[in-house]
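Student: Got the model loaded. Can you walk me through a few spots in it?

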Number of protein chains: 4
Amino acid sequence: MSSSTGHSFRITTFGESHGKGLGVIIDGCLSRVPIDFAKIQHQLHRRRPGTSSITSQRQEKDEVICLSGIENGLTLGSPVALHILNTDAKPKDYSSTKHLYRPSHADYTWQQKFHILPASGGGRASARETVARVAGGAVAEQMLKHVLPAFEVVAYVTRVGKIAIKKAIIDGSLSRADVDQSLLRCPEPTTTESMLKHIKEIKNNGDSVGGEICCCIKGVPSGLGEPIFDKLEADLAKAIMSIPACRYFSIGDGIEASQRLGSENNDALMQTTQGTIERQSNHSGGIEGGISHGGIIYFYAGFKPPSTIFQPQTTLTHSLKPISYTPQAGRHDPCVLPRAVPIVEAMASLVMADHFLRHHTQHGPSHLSTTSEDV
Amino acid sequence: MSSSTGHSFRITTFGESHGKGLGVIIDGCLSRVPIDFAKIQHQLHRRRPGTSSITSQRQEKDEVICLSGIENGLTLGSPVALHILNTDAKPKDYSSTKHLYRPSHADYTWQQKFHILPASGGGRASARETVARVAGGAVAEQMLKHVLPAFEVVAYVTRVGKIAIKKAIIDGSLSRADVDQSLLRCPEPTTTESMLKHIKEIKNNGDSVGGEICCCIKGVPSGLGEPIFDKLEADLAKAIMSIPACRYFSIGDGIEASQRLGSENNDALMQTTQGTIERQSNHSGGIEGGISHGGIIYFYAGFKPPSTIFQPQTTLTHSLKPISYTPQAGRHDPCVLPRAVPIVEAMASLVMADHFLRHHTQHGPSHLSTTSEDV
Amino acid sequence: MSSSTGHSFRITTFGESHGKGLGVIIDGCLSRVPIDFAKIQHQLHRRRPGTSSITSQRQEKDEVICLSGIENGLTLGSPVALHILNTDAKPKDYSSTKHLYRPSHADYTWQQKFHILPASGGGRASARETVARVAGGAVAEQMLKHVLPAFEVVAYVTRVGKIAIKKAIIDGSLSRADVDQSLLRCPEPTTTESMLKHIKEIKNNGDSVGGEICCCIKGVPSGLGEPIFDKLEADLAKAIMSIPACRYFSIGDGIEASQRLGSENNDALMQTTQGTIERQSNHSGGIEGGISHGGIIYFYAGFKPPSTIFQPQTTLTHSLKPISYTPQAGRHDPCVLPRAVPIVEAMASLVMADHFLRHHTQHGPSHLSTTSEDV
Amino acid sequence: MSSSTGHSFRITTFGESHGKGLGVIIDGCLSRVPIDFAKIQHQLHRRRPGTSSITSQRQEKDEVICLSGIENGLTLGSPVALHILNTDAKPKDYSSTKHLYRPSHADYTWQQKFHILPASGGGRASARETVARVAGGAVAEQMLKHVLPAFEVVAYVTRVGKIAIKKAIIDGSLSRADVDQSLLRCPEPTTTESMLKHIKEIKNNGDSVGGEICCCIKGVPSGLGEPIFDKLEADLAKAIMSIPACRYFSIGDGIEASQRLGSENNDALMQTTQGTIERQSNHSGGIEGGISHGGIIYFYAGFKPPSTIFQPQTTLTHSLKPISYTPQAGRHDPCVLPRAVPIVEAMASLVMADHFLRHHTQHGPSHLSTTSEDV
């Protein structure tokens with residue numbers, strides 16, 4: 001069960017970093033949903049390495065191949081299978097480290113669990129696995145947009161190391177095109193400059209750095225999520241925390257909210273002149289009691305610095321000898337934040353697609369959408 | 001599926017805040033595990049309201065009744081059903097608010113989802129639901145201690161509002177008895193004093209306040225957790241974020257780690273003189289690649305201030321009239337942190353019990369424990 | 001996971017035959033469904049022992065107590081918990097057999113699995129466990145009738161031992177009231193007479209006998225079921241085969257169909273004068289490719305003779321000594337068929353409720369029902 | 001969720017009959033299991049069409065391609081992905097029927113569920129989907145044989161239409177090689193002759209015929225299965241009934257047992273001179289109370305005649321016009337029984353693999369196997 005997630009909209013991923021490729025099976029997608037492969041490809045390209053001086057130089061086109069589930073551009077109701085070949089795998093790059101446990105990688109723990117290690121590059125415990133998530137998430141997103149035209153998920157970088165933006169944008173006004181104007185997917189140009197300078201220095205030192213991402217979800221109707229264990233924020237937390245290197249998840253004004261008084265943090269209800277029910281503030285990030293209230297859902301996710309650094313480190317070999325080593329080769333990111341943006345968007349879309357379908361179970365889509373007669 | 005959680009060790013809770021009582025069904029518990037009801041009761045008492053001037057004055061004995069699954073003090077392999085009666089429910093206290101949507105409560109969203117509201121007190125969207133989690137978690141804990149004698153989960157308060165402890169204790173040296181020496185379950189006496197003073201002031205103003213809890217898990221063998229979607233930190237995040245009012249989850253040095261360089265954050269492996277493999281530091285909080293490495297697992301969880309405050313607030317009635325109201329009665333906590341400590345411990349125990357059994361699936365308990373021949 | 005079943009409409013049962021009682025948690029039931037406890041009680045009474053000379057003399061009123069999930073007669077969307085107390089448990093009746101493995105009971109296999117045996121009466125491996133299924137199934141049925149007014153499930157006895165009815169009624173014309181006119185729930189009066197005579201003889205010899213039940217499900221819209229592993233007939237087979245003593249499951253004309261030619265067995269489509277699409281025959285039992293076609297679903301289920309007989313049998317004691325024994329006491333049925341009728345109806349209702357909600361996931365109820373605006 | 005099955009050993013299949021190919025993802029397989037692709041291929045060949053005059057003339061090599069999860073012949077613990085290309089798909093063969101609902105096929109019901117039909121050949125509602133099950137089942141079988149060397153699953157044909165074998169062999173003495181000596185996989189040579197003659201006549205008439213298969217599972221330890229809903233026979237029933245055209249499932253002496261007296265049907269326990277505990281008879285088919293007792297598990301499965309016949313039939317077009325049609329082309333089997341044999345074996349292996357791992361959850365493999373230290 002380690003490679004499946006979701007209840008009604010469910011994906012299963014497969015493939016290793018230096019094997020034939022990575023794939024995803026999407027089970028439960030609504031039928032008759034038009035799928036635009038260019039849009040899947042676009043998100044894959046945003047995640048792709050090799051696109052700038054500050055990302056890994058691994059060259060992968062990440063072209064998605066559809067193995068099943070779509071005919072004449074429409075989903076059939078049967079599982080959608082997508083495959084992305086590995087074309088620039090270099091297992092030899094790992095020959096110098098394959099006899100030792102790389103610190104803060106999954107080498108040691110994978111062996112403790114499975115008593116066998118893939119030949120190179122972390123196998124499945126590699127960030128390359130996320131390419132399958134992005135493909136799956138792009139299908140989830142297209143399904144949601146088909147039934148909820150206003151649905152939109154946009155993530156962006158709020159912090160690199162200790163360099164943070166001045167003010168997070170949580171009103172849903174940012175588009176992905178806006179975000180992509182910055183090489184770092186940070187919406188503040190001057191902050192981007194400082195971050196870039198910082199990352200270049202770090203890279204020159206063979207070091208790496210962490211940071212934070214904010215993600216806004218628009219166009220979500222009220223009523224999605226479950227009140228007890230499968231609260232919307234709980235499932236979002238799980239999905240986001242399952243991204244490699246993710247270290248914290250905070251819903252709404254999470255961290256600040258925990259420092260506030262109730263009188264400062266409550267979101268008063270009001271009716272707009274258009275008759276919709278909204279909140280005067282949105283400290284809760286669009287979710288009350290685990291269920292969406294119809295406003296913008298936003299959250300923050302923090303990432304640790306990548307574990308691969310090009311500085312000497314001590315560790316143990318497989319035969320438990322202490323050793324000092326410095327990686328000779330291998331293509332790694334000094335900072336994963338910009339590439340993590342589409343991964344965060346994908347995981348958020350997957351959770352929303354699942355809870356949209358789960359909510360159908362209780363109420364059907366009639367009060368949620370008017371776009372499609374028989375969806 | 002909203003009221004079940006876990007895969008191999010699975011609980012289902014039921015009951016409303018002002019109904020007959022709350023219950024939990026525990027399915028998948030190992031057989032022949034000795035269950036000490038006094039230990040379940042102890043954790044329930046730690047969660048219980050009415051025990052000090054700064055908690056809700058609702059008086060509940062929270063005596064646990066066993067309906068099935070245990071005979072002569074041993075689990076039978078069949079589902080363990082535990083029930084806790086509501087003895088001090090006061091639905092009338094809610095008569096003044098039952099026609100309106102209380103701000104930042106689940107009143108509005110529950111109605112959007114289910115199109116019906118329970119008569120009083122939030123029904124199932126009440127913190128009283130957590131009494132069932134604590135009972136279930138206490139069984140999970142006893143099962144784990146039976147097969148892993150060194151297993152221990154201890155949570156404590158690190159912050160109330162903006163008043164934080166000087167240094168978190170993450171080496172596993174704190175016991176629950178230590179923690180309980182503080183009325184606020186904060187291990188620093190002088191910080192406790194400041195926090196208490198702060199809470200009393202807030203309470204006098206009819207206000208409420210949030211805060212943070214740290215939780216340490218000891219005695220966990222390496223190999224628990226799954227490498228992709230069901231990473232140990234992802235399942236912990238989901239479990240903890242499903243606690244009412246929880247707003248963020250951070251594994252290990254999470255928030256700080258995201259501000260560090262890789263050279264500062266990596267945990268080098270070493271072998272101790274006793275031959276065990278450990279980390280020179282534990283920034284990762286005991287988990288690498290989603291799988292436990294054998295060291296202490298620790299995390300932080302942040303809680304928002306309780307939504308019920310005794311100050312005038314504006315909101316909408318069910319017929320969408322704007323209204324200003326101040327709750328007249330009802331028994332609420334100005335700060336949930338001390339009572340949340342055993343809830344956090346329960347959710348953490350449930351996740352660990354589930355992943356312990358899931359790991360059995362792959363490897364059996366032979367290399368994990370020597371305490372029991374046929375477990 | 002042994003005590004839960006269903007995906008979107010999910011029940012979990014608990015309790016032992018000679019413990020406090022039996023219970024069921026129903027999670028996923030639609031909200032705002034009116035629940036009539038008299039109807040639940042009616043099905044429980046149909047299953048109840050002690051109602052005639054040919055059933056077990058155990059006297060249980062089987063009064064259902066609602067612990068949660070229903071208020072003012074309506075479901076709240078939260079889990080419905082129902083409890084039925086054991087009032088006539090006689091664990092002492094089992095003292096003479098508790099040191100041995102009763103042949104064809106679960107004594108031996110339960111011990112092999114769980115390494116512990118409940119003190120008496122099979123614990124959870126007792127047909128008494130089915131009382132909880134009947135309660136859960138009665139809620140499923142009421143939910144389905146609320147959204148699909150024509151929905152109806154009626155089972156009846158077609159065979160006792162080798163005495164079979166002349167012709168099965170598979171056109172949905174039988175009601176439960178019709179069925180209950182026979183003490184054996186067999187719709188043919190003269191066949192009932194022969195069966196009764198046969199059972200009385202068998203009972204006098206201390207023996208037991210098996211038989212067969214037919215079940216018809218009416219008012220099911222087309223489109224329910226899944227095309228691959230969760231075919232409607234596959235989920236029905238699992239549910240029915242999980243009833244104690246059930247030995248075979250056959251959908252539609254199953255056994256006969258396997259002896260036919262394709263030209264004899266295909267069901268031609270036609271349009272009725274009312275415009276509905278129907279089949280000219282219904283050999284398939286209402287399901288094609290795992291999905292309901294809108295006609296009557298019917299199946300057969302066969303039951304072995306009860307394992308408890310009052311004749312000398314050889315077996316092994318727990319210390320593996322061969323022994324010949326004859327049960328002294330204990331209250332058992334010489335033939336379970338009439339009491340199995342409501343159990344079969346319950347399991348069928350549970351499967352249909354689950355697949356109804358699962359189908360919602362894909363399409364919503366709008367084209368299925370016009371009874372309720374927001375279901 | 002329609003395309004996944006299993007709890008701890010879980011497969012997901014994908015692909016359409018006339019698309020790129022069929023695939024299976026196997027999640028949960030033990031790590032370090034040696035996988036012999038020739039053995040997978042052997043089972044695929046046994047299922048393959050085009051091998052004799054009485055099977056479909058579709059020519060598919062069904063060569064299995066491994067996309068992930070296996071390195072150097074050993075499972076890695078990550079999902080095993082297998083793909084089988086369609087090389088002889090002839091969608092044009094279906095052009096004459098694509099505007100109508102073929103009787104007793106899933107055309108009508110699939111459209112009722114998904115409101116879209118794949119261009120040809122039933123899409124996923126085709127028996128070709130089972131090629132993925134056979135591949136998955138072959139991996140399950142190899143995993144089980146690795147940890148339980150005596151494990152073996154052998155199915156064979158007991159009946160074609162009304163021509164049945166004289167005596168079923170349920171003592172586990174048949175091997176697959178024995179079975180394959182008959183073109184029809186029926187162990188009695190003279191019965192095979194009669195069956196063959198019958199099938200040829202039927203084929204000449206453009207008709208089809210049903211039949212029955214028996215399946216024996218050897219080498220299963222006691223203790224597998226769950227006592228309530230996930231009884232071993234219930235999960236076997238579901239798995240087998242999910243095979244296209246399967247119409248009934250009967251465990252042990254199922255149908256006969258339902259006609260017997262308890263005194264005829266009970267299986268007395270005894271101890272062999274070797275000290276093992278066995279039954280004097282095995283009417284129950286190796287399962288008591290849902291849990292394996294250590295003896296041979298056997299069951300029967302009945303299949304209807306294939307729905308495609310080359311005789312005129314009446315049906316409706318998509319625009320609901322009545323029509324008489326005779327299929328012009330398309331390659332179909334007059335009798336699926338011999339090709340269903342490896343499919344039945346695959347589904348049985350999948351269920352046993354899942355319950356083996358589920359039983360691990362409770363007890364670990366230590367008392368089940370001595371072959372591998374860390375499995």
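Tutor: We'll go through some packing, an interface and a few single residues.

Student: Ground rules before we start?

Tutor: This is a predicted model: local features need pLDDT of at least 70, side-chain atom pairs count only at pLDDT 80 or more, and totals for chains, interfaces and linings use all residues. Residues are numbered from 1 along each chain as its sequence is written, chains are lettered from A and ligands numbered from 1 in the order in which they are written, and side-chain values use heavy atoms, with hydrogens and water left out.

Student: OK. Where is A:Gln142?

Tutor: A:Gln142 sits in helix H3 (residues 130-147) of chain A. Helices here are DSSP runs of H or I with at least four residues, strands are runs of E with at least two, and both are numbered from the N terminus.

Student: Is A:Gln142 buried or exposed?

Tutor: Buried, because its relative accessibility is 9%. The cut-offs are under 20% relative accessible area for buried, over 50% for exposed, and partly exposed in between, with a 1.4 Å probe and protein chains only.

Student: What is A:Gln142 in contact with, leaving aside neighbours within four places in sequence?

Tutor: A:Val33, A:Pro34, A:Ile35, A:Asp36, A:Lys39 and A:Ile40. Contact means heavy atoms within 4.5 Å.

Student: Switch to chain B. How do H1(B) and H3(B) cross?

Tutor: The axes of helix H1 (residues 37-47) and helix H3 (residues 130-147) of chain B come within 9 Å and cross at roughly 145°. Axes are lines fitted to C-alpha atoms, for helices over the stretch in contact, and angles run from 0 to 180 degrees between N-to-C directions.

Student: Which residues make that contact?

Tutor: H1(B) brings B:Lys39, B:Ile40, B:Gln43, B:Leu44 and B:Arg47. From H3(B) come B:Thr130, B:Val131, B:Val134, B:Ala135, B:Ala138, B:Val139, B:Glu141 and B:Gln142. By class, the residues of this contact are seven nonpolar, three polar and three charged. Ala, Val, Leu, Ile, Met, Phe, Trp, Tyr, Cys and Pro count as nonpolar, Asp, Glu, Lys and Arg as charged, and the others, Gly among them, as polar.

Student: And the angle between H1(C) and H3(C)?

Tutor: About 145°, with the axes 9 Å apart. That contact of H1(C) with H3(C) has seven nonpolar, three polar and three charged residues.

Student: Now the A–D interface. How many residues does each chain give?

Tutor: 40 from chain A and 40 from chain D. The area buried between them is about 3,200 Å², and carbon and sulfur atoms give 60% of it. Buried area is the accessible area (1.4 Å probe) that two parts lose on being put together, summed over both.

Student: Why call H6(D) largely enclosed?

Tutor: Because 10 of the 10 residues of helix H6 (residues 232-241) of chain D are buried. Among them are D:Glu233, D:Asp235 and D:Lys238.

Student: What about B:Met270?

Tutor: B:Met270 lies in strand E12 (residues 269-271) of chain B. Its relative accessible area is 28%, so B:Met270 is partly exposed. B:Met270 and B:Gln280 are 10 residues apart in sequence and 6.5 Å apart, C-alpha to C-alpha. The contacts of B:Met270 beyond four places in sequence include A:Leu316 from chain A.

Student: Which phi does A:Ser104 have?

Tutor: A positive one of about 60°, although A:Ser104 is not a glycine. A:Ser104 is in the loop between strand E7 (80-85) and helix H2 (107-114) of chain A. A:Ser104 is buried, at 8%.

Student: And D:Leu320's phi?

Tutor: Positive, about 65°, and D:Leu320 is not a glycine. D:Leu320 is partly exposed, at 26% relative accessibility.
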